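Work through the exercises below with the structure open. Each task is followed by a stepwise solution.

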Amino acid sequence: MRLSRNTITKYIDFFKRYQLTSYEVSAMILEELNRLFKTDKKDKSQQLLTLEKYFPYFVKELRKTGVTKELLWQEYLTKHPDGYKLSQFRYWLNGTDDEKH
């Protein structure tokens, strides 16, 4: 499907929240689907765009023994002192790695 696991999870949560079955969704026409998913989504902040550039590196590093999100956050914060605090760092990184939380 060429969608990230995080995106698919958001779609599943969306359908559950609105109690839509797969049959109901597949019966919708394109305009109905567009209306259903239309949001006033804001553009990503520069801070988030900067963090996202590190995701491939973080995912690779997290596979190594002894590497934690907190260690990666400290490394990130050294390079970007105005960057995200640990809780937001974990939030944004959460959907990009293979760990189970």
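**Exercise 1.** Determine how α6 and α7 are oriented to each other in this predicted model, and why.

Solution.
1. Helix α6 spans residues 69–79 and helix α7 spans residues 86–93; their axes lie 10 Å apart, at an angle of about 110°.
2. Angles from 65 to 115 degrees count as roughly perpendicular, and α6 and α7 are therefore roughly perpendicular to each other.
3. The hand of the α6 and α7 crossing is right-handed.
4. On the α6 side, the contact is made by Lys 69, Glu 70, Leu 72, Trp 73 and Tyr 76, and on the α7 side by Leu 86, Phe 89, Arg 90 and Leu 93.
5. Sorted by class, the residues of this contact of α6 with α7 comprise six nonpolar, three charged and no polar.

**Exercise 2.** Find which residues of α4 and α5 meet, and classify the orientation of the two helices.

Solution.
1. The axes of α4 (residues 46–53) and α5 (residues 55–62) come within 5 Å and cross at roughly 45°.
2. This angle falls in neither the roughly parallel class, under 35 degrees, nor the roughly perpendicular one, 65 to 115; α4 and α5 are therefore oblique to each other.
3. From α4, Leu 51, Glu 52 and Lys 53 take part, and they meet Phe 55, Pro 56 and Phe 58 of α5.
4. The contact of α4 with α5 has four nonpolar and two charged residues, and no polar ones.

**Exercise 3.** Describe the packing of α5 against α6.

Solution.
1. The two axes cross at roughly 145° and come within 10 Å.
2. The crossing of α5 and α6 is right-handed.
3. α5 contributes Tyr 57, Phe 58, Glu 61 and Leu 62, while α6 contributes Lys 69, Leu 72, Glu 75 and Tyr 76.
4. By class, five residues in the contact of α5 with α6 are nonpolar, three are charged and none is polar.

**Exercise 4.** Compare the span of α1 with the expected one, and state what follows the helix.

Solution.
1. Helix α1, residues 5–17, has 13 residues.
2. From first C-alpha to last, α1 reaches 18 Å, close to the 18 Å expected at 1.5 Å a residue.
3. Gln 19 follows α1, with a positive phi near 55°.

**Exercise 5.** Where in the protein is confidence lowest and highest among the helices?

Solution.
1. The average pLDDT of the protein is 83, and 88% of the residues score at least 70.
2. Helix α3 (residues 30–37) has the lowest confidence, at a mean of 76, and α6 the highest, at 96.
3. Over residues 97–101 the pLDDT is below 50, yet this stretch has ten contacts in the model beyond near neighbours in sequence.
4. Where pLDDT is low, the predicted coordinates should not be read in detail.

How values were computed:
Residues are numbered from 1 along each chain as its sequence is written. This is a predicted model: local features need pLDDT of at least 70, side-chain atom pairs count only at pLDDT 80 or more; totals for chains, interfaces and linings use all residues. Side-chain values use heavy atoms; hydrogens and water are left out. Axes are lines fitted to C-alpha atoms, for helices over the stretch in contact, and angles run from 0 to 180 degrees between N-to-C directions. Helices (H or I, at least four residues) and strands (E, at least two) are DSSP runs, numbered from the N terminus. Angles under 35 degrees count as roughly parallel, over 145 as roughly antiparallel, 65 to 115 as roughly perpendicular and the rest as oblique. A crossing is left-handed if the near helix is turned anticlockwise from the far one by less than a right angle, and right-handed if clockwise. Contact means heavy atoms within 4.5 Å. Ala, Val, Leu, Ile, Met, Phe, Trp, Tyr, Cys and Pro count as nonpolar, Asp, Glu, Lys and Arg as charged, and the others, Gly among them, as polar. pLDDT is the predictor's confidence in each residue, from 0 to 100. The expected span of a helix is 1.5 Å times one less than its number of residues.
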